[in-house]
Amino acid sequence: DVVRVHQAYIDMKHFPDASVSMRIGRQELKYGREALVGADDWDLDGRSFDAIRLFTNNPLWNVDAFYSLVADTPGVHHKIHFEGLNLKRTSLMKTVNEVYGFYLSIPPNVSLVDNTRATESKLYTIGTRMEGKLNPKWFYHWMLNRQVGRMTMPTTPETRVDIDAYNALLNLDYFVGHTVLRNAGFEVTISTGDKAYTPTKMETFSPLFPSNHDRSGAMDWWGMMNSRILTLYTFLDLSRTLEMLMEFHSFAIKSNGAAWYLGDMSPAWFSGA
């Protein structure tokens, strides 16, 4: 409870042949540009997983499969199971195409979303994403995700809520190449969510374990939940340290209190206070 080990793993390369490696132990997992699964390296503890992971090292095709438990933080023992398969293809022109599937099992003492502490959750996420260049000036990135699953009450297993949610993202970036204006672009994110109480269905998209906070900071926690987000940005070379970013967020939260939006993310994310 005093020291938390962030990573401690063993790599077994060339297992069973030269193109396959195995990693066993506490480690970081990063998938979908960390919009879905990331290391959470913006806070003091970070996020890691006690995992067995098999992955290939092919320059064109990569297969990444893992089974894990979310690493406990001091004083917390939640036993969240997380496993999945990620297929990645990188073309000779550096175009990246990924197809993935994740399974998340959450015990009754941990909340999937705000105010659902008393439920047991099983969540399946399948999706695909692609990024690359249309030409030397235009860069693109898109992502599509579908989630299904259920939440049940441990005391009354016949009471269940079906999960059915979607997420889509599109980013276009133009390299201007001007002495002042370097890049300009936009990103649109659409995620389903509950605007009203529905006792047997939850349409809130869960971003799993996001942590890419290079733009929006803590807002990224709910940036892919119940939201319509338009981001306009420019990269300026007025100095080596100045960039400009404009965002418009519209979102709905299925909750009787928006603590994890208004206040500190870490405790409110699980407490639902």
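Is Phe 102 buried or exposed in this structure? Phe 102 counts as buried, because its relative accessibility is 4%, which is under the 20% limit used for that class. The model discussed here is a predicted one, and its protein chain has a secondary structure that comes to 2 helices and 13 strands.

**The chain as a whole**

- When contacts between residues at least 6 apart in sequence are considered, 53% of them join residues that are at least 24 apart.
- The accessible surface of the protein chain comes to about 14,600 Å², and carbon and sulfur atoms account for 62% of that surface.

**Strand pairing around E9**

- Strand E8, made of residues 138–152, pairs with strand E9, made of residues 160–175, in the antiparallel sense over 15 bridges, and within this pairing Met 151 stands opposite Val 161 in E9.
- Strand E9 is also joined to strand E10 (residues 181–191) by 9 bridges, and these two strands run antiparallel, with Tyr 174 standing opposite Ala 184 in E10.
- E9 and E10 form a hairpin that has 5 residues between the two strands, and in its turn Gly 177 has a positive phi of about 80°.
- Strand E11, which covers residues 201–202, runs parallel to E9 and is joined to it by 2 bridges, where Met 202 in E11 is the bridge partner of Ile 163.

**Salt bridges**

- The structure holds 11 salt bridges, and among them is the one in which the side chains of Arg 23 and Asp 11 meet at 2.7 Å, taken from N to O.
- This pair links distant parts of the chain, since Arg 23 belongs to strand E2 (residues 20–27) and Asp 11 to strand E1 (residues 8–12), 12 residues apart.
- Arg 23 counts as buried at 16% relative accessibility, whereas Asp 11 is partly exposed with a relative accessible area of 31%.
- Another salt bridge brings together the side chains of Arg 26 and Asp 50 at 2.8 Å, N to O, and it links Arg 26 in strand E2 with Asp 50 in strand E3 (residues 49–56), 24 residues apart.
- In that pair Arg 26 counts as buried at 18% relative accessibility, while Asp 50 counts as partly exposed at 30%.
- The side chains of Glu 203 and Lys 201 also meet in a salt bridge, at 3.6 Å from N to O; Glu 203 is partly exposed with a relative accessible area of 30%, and Lys 201 counts as partly exposed at 35%.
- A network of salt bridges links Arg 33, Glu 98, Arg 129 and Glu 131.

**Aromatic rings**

- There are 11 aromatic pairs in the count, and one of them joins Phe 66 and Phe 102, whose ring centres are 6.2 Å apart and whose planes lie at 40°, so the pair is tilted.
- This pair links distant parts of the chain, with Phe 66 in strand E4 (residues 61–70) and Phe 102 in strand E6, 36 residues apart, and Phe 66 counts as buried at 4% relative accessibility.
- Phe 82 and Phe 102 form a further tilted pair, because their ring centres are 5.6 Å apart and their planes stand at 35°.
- Since Phe 82 lies in strand E5 and Phe 102 in strand E6, the pair ties together parts that are 20 residues apart in sequence, and Phe 82 is buried with a relative accessible area of 0%.
- One aromatic cluster is formed by Tyr 31, Phe 49, Phe 66, Phe 82, Tyr 100, Phe 102 and Phe 209.

**Charges over rings**

- Arg 23, the residue that meets Asp 11 in a salt bridge, lies over the face of Tyr 9 at 4.0 Å from the ring centre.
- The charged end of Arg 53 sits over the ring of Phe 55, at 4.3 Å from its centre.

- Most residues other than glycine have a negative phi.
- Glu 34, although it is not a glycine, has a positive phi of about 65°; Glu 34 is found in the loop between E2 and E3 and counts as buried at 15% relative accessibility.
- Lys 94 is not a glycine either, and it has a positive phi of about 70°; Lys 94 lies in the loop between strand E5 (81–90) and strand E6 (96–106), and it counts as exposed at 63% relative accessibility.

How values were computed
Residues numbered from 1 in each chain as written. Heavy atoms only, no water. Helix = DSSP H or I, 4+ residues; strand = E, 2+ residues; numbered from the N terminus. Contact = heavy atoms within 4.5 Å. Areas by Shrake-Rupley, 256 points an atom, 1.4 Å probe, with all protein chains shown as cover. Salt bridge = Lys/Arg side-chain N within 4 Å of Asp/Glu carboxyl O. Buried < 20%, exposed > 50% of the residue type's maximum accessible area, 1.4 Å probe, protein only. Pairing = 2+ DSSP bridges. Phe/Tyr/Trp six-rings, centres within 6.5 Å; stacked < 30°, edge-to-face > 60°. Lys NZ or Arg CZ within 6 Å of the ring centre and 35° of its normal.
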